[in-house]
Amino acid sequence: MKNKLLNIPPIPAVLFAIISVQSGAAIAKGLFPAIGAAGTASLRIGISAIILFAVYRPNLFKITPKQWKVVIPYGLCLGAMNLIFYMSIERIPIGLAVTLEFIGPLLVAVFGSKRFIDYLWVLLAAAGIVLIAPWTNNGINVLGVLLALLAGAFWAFYIVLGGKVSKVMKGGEAVATGMLFASLLIVPFGIMGNGLSNITPTFLSLGVALALLSSAIPFTLEMKALGQLPARTFSILMSLEPAAASICALIFLQEYLALNEVVAVVFVVIASVGSTLTTKSQANV
């Protein structure tokens, strides 16, 4: 099964990862009232680490110093990104948080761009972000906004570090090892916040589903894609995240899209498709 997962081409892998993450976000939202953001993040990352270790069985004793130097920061960045994002969506809507968080990957795409056409896709994705964000809402929690932006900064580092670690380690081994260090960072927050003390068999089963949808499956797929796509292309493809978050909100929470949000979805889809087409044309040169 894991071989089939890793044999998915890089562009479909990114798309499947996005759908998986946003489906998991709907589950996480339901756990917040009972165990909090830190508890939910701890449950998700901790179970993900167990699942990935069971599947990929990385031999920690065979990891070289060169590999440790990239996989440890990768794992810590992964953990911080997820914990801070969950703290953000405790305070602001998921769609807004994902939109603000995406500024990080967008900056990676801008700084990594070398051709004029690349800037057009980035600008189109940026226009979608501006349209989808409720900038006129005076009741937005400022701390939630700042946390989303901070999560975006860690997301940018995650993309860069993921590209580096994918060059020196196998995808599954890298994700499993990185998740171990993400757990070491996050779980103490869940314990200190007493969220893990409220765990029941129901919450545990939801945690397993959350771990699979939001961590184990998408991070493995993203590692596969990061090893084959330029960081800037990966970043532009991830512009589907705000659109996917809004669509999942419609499906799971019955939140309907306004006209400007529909236009935003169209913009980010066009930007992602355009990025995909230009990547293919580069490969054929």
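Student: How many aromatic pairs does the structure hold?

Tutor: This predicted model holds 4 aromatic pairs. Rings of Phe, Tyr and Trp (its six-membered ring) pair if their centres lie within 6.5 Å; planes under 30 degrees apart are stacked, over 60 edge-to-face, the rest tilted. Local features need pLDDT of at least 70 and side-chain atom pairs 80 or more, while totals for chains, interfaces and linings use all residues. Residues are numbered from 1 along each chain as its sequence is written, and side-chain values use heavy atoms, without hydrogens or water.

Student: How are Trp 68 and Phe 181 arranged?

Tutor: A ring pair is described by the distance of the centres and the angle of the planes. For Trp 68 and Phe 181 the centres are 5.8 Å apart and the planes at 80°, so the pair is edge-to-face. Trp 68 lies in helix α3 (residues 65–89) and Phe 181 in helix α8 (residues 171–192), so the pair ties together parts 113 residues apart in sequence. Helices are DSSP runs (H or I, at least four residues), numbered from the N terminus.

Student: Is Phe 181 buried or exposed?

Tutor: Buried, at 16% relative accessibility. Buried means under 20% relative accessible area, exposed over 50%, partly exposed in between (1.4 Å probe, protein chains only). Trp 68 is partly exposed, at 23%.

Student: What about Tyr 74 and Tyr 158?

Tutor: They are stacked: 5.6 Å centre to centre, 20° between the planes. Tyr 74 lies in helix α3 and Tyr 158 in helix α7 (residues 142–168), so this pair ties together parts 84 residues apart in sequence. Both Tyr 74 and Tyr 158 are buried.

Note on methods
Helix = DSSP H or I, 4+ residues; strand = E, 2+ residues; numbered from the N terminus.
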